[in-house]
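Open the model in your viewer and keep the selection tool ready.

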Amino acid sequence: MEGIVLVRGHLLSKKYIVLFCLSATVLLLCWNYTLYMDADIKVMTGKGNKQGGGHKKEPVDNGINTVTSNSNDGMTRGKRFVYLVNAKTRTEVTGLKADKDRDVFWLTFKVGDKTGNVNAPNSTWSSGRNMILDYAIEQAKKRGDGGYLYYIFLDNDVILRTRSEPHVNWKPWSEMKADPYERFEDFLLEFEPAVGYGRYAEPYRQHHELDKPTNIGWDFDACFNAFHRDTLSFLLPYETSMDNSSWYNAPWIMKQLISMLYNTHRLQCNSVFVENKFLHSKKSPSEKGPNVYNDKQNFHIPRNYLLHALQPMAQTNPPIKNHLKDAILKGNAISQLQIRNAPGVGQKKGNTSYIVTDKFISNFWDKSHAFVKGRLKARVKVVDLLKLKENEKTEFVPDPVYSLPNFKLSLEPPK
């Protein structure tokens, strides 16, 4: 009997060992599964990613292209880029095709032309851009997911080329896109500027710092510009009230506004070069109408128009200096070609909010002025798209560099 007890005791000991091993195996499998799920959640939500890195996340394999958005604390699903082209009739833009991540919409101004999405025979450079922008906004609202991340305006004769000088890459050259449109889109996702653009008409037109992938500049050509979705809150649409005196007035006012609101977030992509060789020709004096091209370059009229749209003093408690007035170029008939560099250093978006709040507009702008009335009317179209009411809780802070005591806007190009 004693021997049986010993044997049974031995068998009992082995059973417990087996049970212990099985339990440890189950616990190990559960732990690994938890780690896997946690890593997957970080990819989906963006949590755990370092600030300041690229904003393009690895897409989940569900057939939908996704990118984390800093703007509305959500996800932008589907196509992130929309290209908005104005032309007499729809023609090929070299290298630009709609694909799974981009749409291309056209406004045509030939009478009766039906090759594009919108036909506007009497449109100007700026009013045409606004019309095709309205069309894109309506398409974005139908998606119900925040819409496009970037609205990209371009002339139909634009040609993009990649450039490969040293230091203009933001990641190893083996990872840089070879296609110029894909590279520019990658640039937008990496730096997420308020306004992005390429190099143009070197060396005299735009400021270039080719020892780095990007830089900021005061003057840049409007033939190819990308606007972050949140700039629809006040920067866009283009001002059209002075088109009859010069088509240059609208882009000039736009550059002034960008200086006031997004100075160090207007970024040039130094590895993409933009060509735009077509020169506008003046129409016959017998051709009347708002679409007659006018290329005068006297900017004191739009400058004064913009100055009068600002409050003399910021309507805060207590009132303070309205530093936005310091961001406006004070020259009279000065040519924009003399203004190249801008103060400050280009920055990634990070946690910066590009949404201009109603509180900010009330404090710094005169809501009774025609210019501001036009902005407010346009805001109504994007209230839900940008979640403007929810974003009123986040204070909009423009770049303060222009209000520094020692600041002087240079009218001379950098040496």
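Helices (H or I, at least four residues) and strands (E, at least two) are DSSP runs, numbered from the N terminus. This is a predicted model, in which local features need pLDDT of at least 70, side-chain atom pairs count only at pLDDT 80 or more, and totals for chains, interfaces and linings use all residues. Residues are numbered from 1 along each chain as its sequence is written, and side-chain values use heavy atoms, with hydrogens and water left out.

**Stop 1: strand β8**

Select residues 195-200, which form strand β8. Six of the six are buried (under 20% relative accessible area, with a 1.4 Å probe and protein chains only). The strand is therefore largely enclosed by the rest of the structure.

**Stop 2: its partners**

Two strands pair if DSSP finds at least two bridges between them. In β11, C269 stands opposite G198.

**Stop 3: the largest cavity**

A cavity is a set of points on a 1 Å grid, over the protein atoms alone, where a 1.4 Å probe fits but cannot get out; lining residues have an atom within 4 Å of a point. A volume is the space filled by probe spheres set on the points, which are joined across faces, edges and corners. How many cavities of 30 Å³ or more does a search of the whole structure find? There are two.

Select Y197, G198, Y200, Q206, D221, C223, F224, N225 and V274, which line the largest cavity. β8 gives the most to this lining, with three residues. The space inside is about 40 Å³.

**Stop 4: the second largest cavity**

Now select F220, A222, N225, Y238, P251, M254 and K255, the lining of the second largest cavity. Its volume is about 30 Å³. Helix α4 (residues 249-262) supplies the largest share of the lining, three residues.

**Stop 5: the whole protein**

Show everything again. The protein has eight helices and 13 strands, and buried residues make up 48% of its 415 residues. Of the contacts (heavy atoms within 4.5 Å) between residues at least 6 apart in sequence, 71% join residues at least 24 apart.

How values were computed: Buried < 20%, exposed > 50% of the residue type's maximum accessible area, 1.4 Å probe, protein only. 1 Å grid on protein atoms, 1.4 Å probe; cavity = no way out; pocket = protein on both sides within 12 Å on 5 of 7 lines; lining within 4 Å.
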